[in-house]
Amino acid sequence: MEEPLVQVKNLKTHYPIKGGLLNRPIGAVKAVNGVSLDIQAGQTFGLVGESGCGKSTFGRSILRLQHVTSGEVQINGKDILSLDRQELVKARADMQIIFQDPYGSLNPRMTIRQIVREPLDTHKIGERADRDAEVMRLLEICGLRRSVADRYPHEFSGGQRQRIGIARALALKPKFIVADEPVSALDVSVQSQVLNLISNLQKEFGISFLFISHDLAVVQHISHEVGVMYFGELVERAPAEELYAAPKHPYTQALLKAIPQPDPEREKEHVSLTGDIPSHNDPPKGCPFQPRCPVAKPECAESKPPLKLIDAEDASSKHQVACWLY
């Protein structure tokens, strides 16, 4: 089997909590607390969870868009966390990001031509005429007319602006893209168009994606593998079909039961979650989900379950879960 394009091992991103007269560190917010995963070339890993679980922080951390406390990140054979500033700039050609806000991520003072061409200008790729020709090609690939090149972001709808953001992300022919909630700010009617565009781009160019979302219904249709994140950690990970067919962790089960069903006559099952997400200032002992878990056992409050294979004897099994029920 080929080496994964993206390998993340025990990644941690902690933010210090300071207090006292001398404003010294008295604790830490563990936004990402030991997450490991790998993504094969040309595949999509869906990362899901409630707001505040650390999934966006994780995506930005592996691209080194923010400070990383510890861990390892390998992308296309490069140790991303050890690169100096100049090496990191070169490595960014292989890794890009699509932001959640399709308007806030575009400079309102730049034309679409300038926005999409900016990565090519920064990396000094080709002559000016070649860059302009590439901008036109990218706009067409993303479903936009060439005539829009000299217009400004405010003249477009949310879906069109996200297509512009995708065109910019494609400019350097990256091998890996982090899509951070790329359709959450769009109308439902537009979401499917953008998702289809991302799927088509993956098939055409073989790009790997980390697709971050709080919407499990969206992730189901675009991901090869899915990881469920809670309180800065993965609590379940499996091939997409297997996870949706047979979720194991109570948190995953609750998230799936919350997806609206289009059939009004189908009886809806509910898994009740009590309480709120724990405070990072005062994390619970043991499993971080146990204060809200409807099936918690005494040992859940005593020690944290590791993320492990459900069937360790099955060499083909990839379904992992962090729960004392298994």
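**View 1. Helix 3 passes helix 5 in a right-handed crossing.** In this predicted model, the axes of helix 3 (residues 112-122) and helix 5 (residues 158-170) come within 7 Å and cross at roughly 30 degrees, where axes are lines fitted to C-alpha atoms, for helices over the stretch in contact, and angles run from 0 to 180 degrees between N-to-C directions. The two helices, helix 3 and helix 5, are therefore roughly parallel to each other, given that angles under 35 degrees count as roughly parallel, over 145 as roughly antiparallel, 65 to 115 as roughly perpendicular and the rest as oblique. A crossing is called right-handed if the near helix is turned clockwise from the far one by less than a right angle, and left-handed if anticlockwise. Helices (H or I, at least four residues) and strands (E, at least two) are DSSP runs numbered from the N terminus. Helix 3 contributes Ile 112, Ile 115, Val 116 and Pro 119 to the contact, and helix 5 contributes Ile 164, Ala 167 and Arg 168, contact meaning heavy atoms within 4.5 Å. Sorted by class, the contact of helix 3 with helix 5 has six nonpolar, no polar and one charged residues; here Ala, Val, Leu, Ile, Met, Phe, Trp, Tyr, Cys and Pro count as nonpolar, Asp, Glu, Lys and Arg as charged, and the others, Gly among them, as polar.

Residues are numbered from 1 along each chain as its sequence is written. Local features need pLDDT of at least 70 and side-chain atom pairs count only at pLDDT 80 or more, while totals for chains, interfaces and linings use all residues, and side-chain values use heavy atoms, with hydrogens and water left out.

**View 2. Ile 125 lies in the loop between helix 3 and helix 4 (128-141).** With a relative accessibility of 40%, Ile 125 counts as partly exposed, a class that falls between buried (under 20% relative accessible area) and exposed (over 50%), computed with a 1.4 Å probe on protein chains only. When its neighbours within four places in sequence are left aside, Ile 125 is in contact with Leu 120, Arg 131 and Leu 172. Ile 125 and Leu 172 are 47 residues apart along the chain, and their C-alpha atoms are separated by 8.7 Å.

**View 3. Four strands form an open sheet in the order 2-1-4-5, with antiparallel pairing.** Strand 2 (24-39) and strand 5 stand at the edges with a single partner strand each, so one side of each is left without a neighbour in the sheet; two strands pair if DSSP finds at least two bridges between them. Helix 1 (residues 55-62) packs on this sheet, where it touches strand 1, strand 2 and strand 4, and its direction makes about 115 degrees with that of strand 1.

View 4. Most residues other than glycine have a negative phi. Strand 4 and strand 5 form a hairpin with two residues between them, and Asn 76 is in the turn. These two strands, strand 4 and strand 5, pair in the antiparallel sense over two bridges, and Ile 75 has Lys 78 as its bridge partner in strand 5.

**View 5. An open sheet of eight strands has the order 6-7-8-3-9-10-12-11, with mixed pairing.** Its edge strands are strand 6 (95-98) and strand 11 (308-309), each of which pairs on one side only. Helix 6 (residues 188-205) packs on the sheet and touches strand 3 and strand 8, its direction making about 160 degrees with that of strand 8. Strand 3 (residues 44-48) and strand 8 (residues 208-213) pair in the parallel sense over five bridges, and Phe 45 stands opposite Leu 210 in strand 8.

**View 6. Helix 9 lies across strand 9 and strand 10, running at about 105 degrees to strand 9.** Six of the eight residues of helix 9 (residues 250-257) are buried, so this helix is largely enclosed by the rest of the structure. The buried residues are Pro 250, Tyr 251, Thr 252, Ala 254, Leu 255 and Leu 256, and they pack against helix 7 (216-220), strand 9 (225-230), strand 10 (233-239) and helix 8 (240-245).
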